[in-house]
Each structure stands twice: as C-alpha cells, then as structure tokens.
Amino acid sequence: MTLGTQWVIDWVRACAAVIAEHRVELITLDRDIGDGDHGENMDRGFSAVVPKLDELADGATPADVLKLVATTLISTVGGASGPLFGTAFLKASVAVGSEPELDSAAVVALLRAARDGIVLRGKAETGDKTMIDAWTPAVDAAAEAEAAGQDAASVLAAAASAAEKGAEATEPLVARKGRASYLGERAIGHRDPGAQSTALLLRAAASVAAD
Ligand code: ADP
Ligand code: MG
Ligand code: MG
C-alpha cells in the first residue's frame with residue numbers, strides 16, 4: 001500500500017482535530033514547565049491550515065500539502081514550536097519530492113527529514129526534554145519497521161507508539177533547551193508539551209493511514 005495526497009490532507013485535518021481536543025492538556029503541560037501557551041499556539045496553527053486545504057489545486061502532491069502546512073505554521077504559530085514544526089513540515093515536503101504516492105521508505109524519509117529539520121533549527125539533542133525526544137525514537141522505530149518489510153501504515157503506527165513512549169520518557173528529565181531549561185530540577189516530573197504534541201500528530205498520521 002502507498003499513501004497519497006488524500007492521506008496528507010486527512011492527516012492535517014486529523015491533526016487539527018486532535019490538537020483542538022487536547023488543547024487544554026497541552027496548555028496545562030506548558031503551564032507546568034513553560035509559559036502555558038503551547039496548546040493555544042498549536043491550535044491556532046492547525047486551525048489556520050484547515051480552510052486552506054480547500055484551496056489546493058487539483059493534482060496537488062503530498063509535498064504541496066506539507067509545504068502549505070509549513071508556511072501556515074511558520075506564519076501563525078509563533079513561539080518556539082512554530083518555527084520548529086514549520087521547519088519539520090518544510091523539510092518533510094522537500095524529502096518526498098514530487099512523488100504522488102508514498103511507500104514505507106518515503107514515509108521514513110518524510111519523518112527523518114522532519115526530525116533533522118527540527119534539530120538543525122533548535123539544536124536539541126536526545127535527552128534535552130524537547131519534542132526531539134518523541135521525534136527521534138519515532139524515526140528509529142519507523143526505520144526499523146520499514147527494514148522489516150512493513151507497509152506504510154504499519155511504519156506510521158510504529159512511529160506513533162515510539163513517540164508516545166518518548167513523550168512519556170521526558171517526565172523524569174531536566175530540560176536543557178527551551179523555556180523549561182530555566183527551571184532546572186523543577187522540571188523533573190513534568191512531561192514536555194512539544195513531545196506530547198508530537199506524539200499526538202504522529203498518532204493522527206497512523207490512525208488516518210490505517211482507515
Ligand atoms: P514557547 O516555549 O516559545 O512558548 P511553545 O510553548 O509553543 O513555545 O513550545 C514549547 C515546546 O517547544 C517545548 O515543549 C519543546 O518541546 C519545544 N522546544 C523548545 N525549544 C526547543 C529546541 N531548541 N529544540 C527542540 N524543541 C524545542
Ligand atoms: Mg509555551
Ligand atoms: Mg510562548
């Protein structure tokens with residue numbers, strides 16, 4: 001099986017829905033170790049993308065949709081997460097090229113490019129208690145699933161599960177990047193909001209692919 005433009009469009013709609021649904025949860029996480037706006041930032045960004053999906057040209061490729069998400073997030077989200085997720089979608093868009101259909105290898109390339117883009121922009125390393133702690137295990141699990149011959153939907157499911165575990169694993173960490181790094185040991189015991197939103201976005205990708 002492969003995933004086409006409709007999958008990307010459905011994914012973006014699912015992102016908007018799941019972020020809206022978890023808005024308060026993300027705000028609460030960010031209130032604990034940041035400035036309390038992560039849910040609002042993400043909701044503003046994805047809500048702004050949805051109406052633009054209707055303006056996509058016939059024959060739009062997966063890359064076109066990913067690029068639309070990127071430019072919209074960059075211009076509407078603000079904060080640390082806007083440019084980071086914006087860069088992720090922009091690099092993902094470049095990675096899939098003009099392919100109309102994405103197989104499992106293309107899905108891995110998409111996820112890896114997104115993660116690499118966030119690292120390039122934010123310079124976070126594994127264990128810094130950021131969204132990277134969800135993205136990197138997701139990319140690794142996706143690559144492993146692809147190497148084992150799994151299809152694109154299963155690759156995404158593996159990525160989503162690994163991102164969820166990665167987000168949970170940020171709880172005992174001290175933050176070394178972003179606002180939470182100002183808190184020192186007081187960040188211990190709190191989950192990183194950007195890692196949690198990453199897990200939500202990747203679970204949405206997997207759920208839509210499985211339908
Ligand atoms: P802000 O901190 O500007 O209010 P948000 O609250 O929207 O922005 O996003 C905070 C999230 O951004 C954090 O939970 C973390 O996951 C992520 N983040 C912050 N700085 C970095 C960085 N340098 N690299 C990767 N992720 C980061
Ligand atoms: Mg914040
Ligand atoms: Mg802020």
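Visitor: What share of the 211 residues is buried?
Guide: Buried residues come to 57% of the 211 in the protein. Keep in mind that this is a predicted model.

Visitor: What elements is the protein built from?
Guide: Nine helices and two strands. Starting at the N terminus, the order is β-α-α-α-α-α-β-α-α-α-α.

Visitor: And what is the radius of gyration?
Guide: The protein has 16 Å. A compact globule of 211 residues would have a value near 17 Å, so the two agree. Along the principal axes, the C-alpha atoms fill a box of roughly 50 × 40 × 30 Å.

Visitor: How much of the contact count comes from residues 24 or more positions apart?
Guide: They account for 68% of the contacts with a separation of 6 or more.

Visitor: Let's do helix packing. At what angle do helix 1 and helix 3 cross?
Guide: Roughly 145°. Helix 1 covers residues 5-21, helix 3 covers residues 38-53, and their axes come within 9 Å. The crossing is left-handed.

Visitor: Which residues meet there, between helix 1 and helix 3?
Guide: From helix 1, Ile 9, Val 12, Arg 13, Cys 15, Ala 16, Ile 19 and Ala 20. From helix 3, Met 42, Asp 43, Phe 46, Ser 47, Val 49, Val 50 and Leu 53. Sorted by class, this contact has 11 nonpolar residues, one polar and two charged.

Visitor: What about helix 7 and helix 9, how far apart are their axes?
Guide: 7 Å, with a packing angle of about 40°. Helix 7 brings Asp 133, Ala 134, Trp 135 and Ala 138 to the contact. Helix 9 brings Ala 195, Thr 198, Ala 199 and Leu 202. Six of these contact residues are nonpolar, one is polar and one is charged.

Visitor: New topic: ligand 1. Which residues come nearest?
Guide: Gly 79, Ser 81, Gly 122, Gly 178 and Gly 194, out of 24 residues around ligand 1.

Visitor: Which helix gives the most to that shell around ligand 1?
Guide: Helix 9, with three residues. At least two residues each come from helix 3, helix 5, helix 6 and helix 9.

Visitor: How does the shell around ligand 1 divide by class?
Guide: Eight nonpolar, nine polar and seven charged residues.

Visitor: Now some single residues. Where is Lys 123?
Guide: In the loop between helix 6 and helix 7. Lys 129 lies in the loop between helix 6 and helix 7 too. Lys 123 has a positive phi of about 60°, although it is not a glycine. Lys 129, not a glycine either, has a positive phi of about 65°.

Visitor: Is Lys 123 buried or exposed?
Guide: Exposed, because Lys 123 has 11 other C-beta atoms within 10 Å, and the cut-off for exposed is 12 or fewer.

Visitor: And Lys 129, buried or exposed?
Guide: Buried. Lys 129 has 28 other C-beta atoms within 10 Å, and buried takes 20 or more.

Visitor: Where does Arg 31 sit?
Guide: In helix 2, residues 23-33. Arg 31 counts as partly exposed because it has 15 C-beta neighbours inside 10 Å. Arg 31 and Pro 193 are 162 residues apart in sequence, yet 9.3 Å apart in space, C-alpha to C-alpha.

Visitor: Last one: why does Asp 116 count as partly exposed?
Guide: Because Asp 116 has 17 C-beta neighbours inside 10 Å. Asp 116 lies in helix 6.

How values were computed. Residues are numbered from 1 along each chain as its sequence is written. Chains are lettered from A and ligands numbered from 1 in the order in which they are written. This is a predicted model: local features need pLDDT of at least 70, side-chain atom pairs count only at pLDDT 80 or more; totals for chains, interfaces and linings use all residues. Axes are lines fitted to C-alpha atoms, for helices over the stretch in contact, and angles run from 0 to 180 degrees between N-to-C directions. Helices (H or I, at least four residues) and strands (E, at least two) are DSSP runs, numbered from the N terminus. A crossing is left-handed if the near helix is turned anticlockwise from the far one by less than a right angle, and right-handed if clockwise. Two residues are in contact if their C-beta atoms, placed from the backbone, lie within 7 Å. Ala, Val, Leu, Ile, Met, Phe, Trp, Tyr, Cys and Pro count as nonpolar, Asp, Glu, Lys and Arg as charged, and the others, Gly among them, as polar. A residue is near a molecule or strand if its C-beta atom, placed from the backbone, lies within 6 Å of it. The radius of gyration is taken over C-alpha atoms; the globule rule is 2.2 Å times the number of residues to the power 0.38.
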